[in-house]
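Please keep the sequence and the structure in view while reading.

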Amino acid sequence: MEFRDGSASNEHQELHKSAIEGAHHLSVSSLRISPKSSRSPNSPRSPRSPSSPSVPKSPRSPIIPKSPRSPSVPKSPSSPRVHCKGSPLKNDRHSHSLIDGRPKKGGSGGKGTWGGLLDIDDNYFIDPNDPNYDSSEECEHSDARKSTEEFEEYKKKATIIVEEYFATDDVASTSNELRELGKPGYSYYFVKKLVSIAMDRHDKEKEMAAALLSALYADVINPSQVYKGFSKLVKSADDLIVDIPDTVDVLALFIARAVVDDILPPAFLTKELVSSPEDSKGVEVLKRADKGYLSAPLHADFIERRWGGSKNKTVEDVKARINNLLIEYVVSGDKKEACRCINDLKVPFFHHEIVKRALIMTMERRQAEGRLLDLLKEAAEEGLINSSQISKGFGRMIDTVEDLSLDIPNAKAILQSLISKAASEGWLSASSLKSLSLEPEKQALDVSEARIFKMKAQSIIQEYFLSADISEVFSCLESENKTCSAELNAIFVKKLITLAMDRKNREKEMASVLLSSLCFPADDVVNGFVMLIESADDTALDNPVVVEDLAMFLARAEVDEVLAPQHLEEIGSQSLGPESIGSKVLQMARSLLKARLSGERILRCWGGGGSSRPGWAVEDVKDKIGKLLEEFESGGDIREACRCIKELGMPFFHHEVVKKALVTTMEKKNERLWGLLEECFGSGLITMNQMSKGFGRVAESLDDLALDVPDANKQFTHYVERAKIAGWLDSSFCLSR
């Protein structure tokens, strides 16, 4: 750079000159000065110096010392190094080390650099003397590290406890060890570890694991932790199957057993099914538990005996022994003998059954009330029956008192008096029980709480209309209605349909799809429609076509099997006068449902599919069903066929699948399509109602079918009997045409 024009000041010229000299000095120093030498930069290196190489160098070639941090790399004879004369800045300055000292792609971390701005090494610590010291930062790091260490320690100890339990089969000792371990917030891991280890062992260990969970439930492990533990198991099914090939069947049986033992709610299956990816093994587990075990006749007894029982006892055997010992005690009055018999049962996790049976016997035999309550009090005070089992027994009675009232009219009043006596004597915590009266529960919904929920429900529904994300609606409802309140469910149904009626067909279709996906109890949906019909007169002021819209929503709910036909009659019985708008809604809904091909028309009224896509024409659907059955019969995959049936999006029309499959089977005498029907029914894709409709359609067309298949009547009778045995058809299904 030159200053010929004199535009730069003398001061600037001096600074520029100093910078150039400094650069020259540094460059020469880096090339000529050895870090081990104490010589002047201007003095030549001595060839006798210990650090000098033994090979003599050319006087014209400067000697460049090796960096102490760079490994020695032999020079290639084919590429000799060339040094140029003149300024050292012209010399080759590239490193000849194999280690790249440049910064990495992220701009930090290279050799000789300071690293990234936020990088810390393993020796990082917070210095209290640092001017930027923040005590909250240290607390956060400390808490996170401590929490991780605690969880790792818990995992190790939990694994040891599980292994010891399988070795000793000592429920009491395991319970004490887990209680001493503490950390109830990590109990879900114990549940997961116990079941996952048992899954890879024999039936004995599986039964021991199921018995231990029942024993620890609510007493040592909180119910929410049991729920979370099984949820974790479902999500990890894809990993478990790598080591345990029969994971789907074994885990499904564990879940079914937990439902039978009342440590998992039946709703667990539905909620987990919604939140699990469709192609995951967890979905297969849940479907196997539901369809393969819990839907079978006498499933409870089969599930309890599946692994042989921990002591080769069935549930019915234990119940019979409990009943006998209580009867003997009522006759003899010997509390010590009764307590000994209870102890000999060796089923501490099933003591709630003793409480329940004793309470039922007290209601049936009023004169035995004193003795039976004394026995329960003695067992509670001696620790023979723990407080959790006492509460669980009373809780089960509260749940069944309505059914019991059919045989014992004043059962509710008697149970209330028994609860009061037990609580006053100190062996029952009445605060842990649900209220007996149903009316206070309905009135317990505060007006402000309902108003807040309505606002949140409106926000959830509006977001759903924009995103069409049903799973997000599930999670929001679960967080806002944690108690699954029937009143709040009904409010949500009313709000959903009210908002949809003010919008276009797309939103109306989406509302119907959501309603059929929510799996609300039918009574809650009925109450929602009752509220809608009661307010129909007011709604008509803003929506002139409220009658047509409400009637269509009501008919659609029946077509989607959200409501049964008898629910329509129930709604009608609660409607207003014959001239009210509510009555007109019901009349129109009945007319829509009675029309020919009503199901197809009702489903297509808003476009179908929950989107802007128009619904299928009936003939198109029949054509698609025929093609997919033909493709499957010629060697197609059964899962692909089921997927195609599901993607039709017309569950009310599945009877056509049954009809075409059955007719083809009879014509070609090929039972491959019968296997498809088995798979569809087993997976819940085709319901019993649709099966009955399909067989009924075939029965109506048997005369025409007999022209092509002479033995059509004989074959149809045979298949009907097989369908009844398989549970597809009700035993009342008849062949009359």
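## A threonine in helix α31

T665 is found in helix α31, which spans residues 654–668; helices here are DSSP runs (H or I, at least four residues) and strands are runs of E of at least two, numbered from the N terminus. This is a predicted model, in which local features need pLDDT of at least 70 and side-chain atom pairs count only at pLDDT 80 or more, while totals for chains, interfaces and linings use all residues. Residues are numbered from 1 along each chain as its sequence is written, and side-chain values use heavy atoms, with hydrogens and water left out.

With a relative accessible area of 1%, T665 is buried, a term that means under 20% relative accessible area, whereas exposed means over 50% and partly exposed lies in between (1.4 Å probe, protein chains only). The side chain of T665 reaches the backbone oxygen of A661 at 2.7 Å; a polar contact of this kind is a pair of N or O atoms within 3.5 Å, where, within protein, one must be able to donate a hydrogen and the other to accept it, and residues adjacent in sequence count only if both atoms are side-chain atoms. Not counting residues up to four places away in sequence, T665 touches N670, E671, L673, W674, Q715 and Y719, contact meaning heavy atoms within 4.5 Å.

Helix α30, residues 638–647, has A641, C642 and I645 as its buried residues. Seen down the axis of α30, these buried residues fall within an arc of 100°, so they line one face of the helix; the arc is that of the directions from the helix axis to the C-beta atoms. An α-helix has 3.6 residues a turn, so residues three or four places apart point the same way.

On the face of α30 turned away from its buried side are the exposed residues R639, K646 and E647. At the start of α30, a side-chain oxygen of D637 comes to within 3.2 Å of the backbone nitrogen of R639.

## A helix pair: α16 and α17

Helix α16 (residues 387–404) packs with helix α17 (residues 411–425) at an angle of about 165°, their axes being 9 Å apart. Axes are lines fitted to C-alpha atoms, for helices over the stretch in contact, and angles run from 0 to 180 degrees between N-to-C directions. The two helices α16 and α17 are therefore roughly antiparallel to each other, since angles over 145 degrees count as roughly antiparallel, under 35 as roughly parallel, 65 to 115 as roughly perpendicular and the rest as oblique.

Residues of α16 that meet α17 include F394, M397 and I398, and among their counterparts in α17 are L415, L418 and I419.

## Two loop residues

S276 lies in the loop between α9 (267–275) and α10 (281–294), and at 12% relative accessibility S276 counts as buried. A polar atom of the S276 side chain lies 2.6 Å from the backbone oxygen of E272. Leaving aside neighbours within four places in sequence, S276 is in contact with V234, V283 and L286; S276 and V234 are 42 residues apart in sequence and 8.4 Å apart in space, C-alpha to C-alpha.

P297, in the loop between α10 and α11 (299–305), is exposed, with a relative accessible area of 73%. The C-alpha atoms of P297 and G727 are separated by 9.8 Å, although the residues are 430 apart along the chain.
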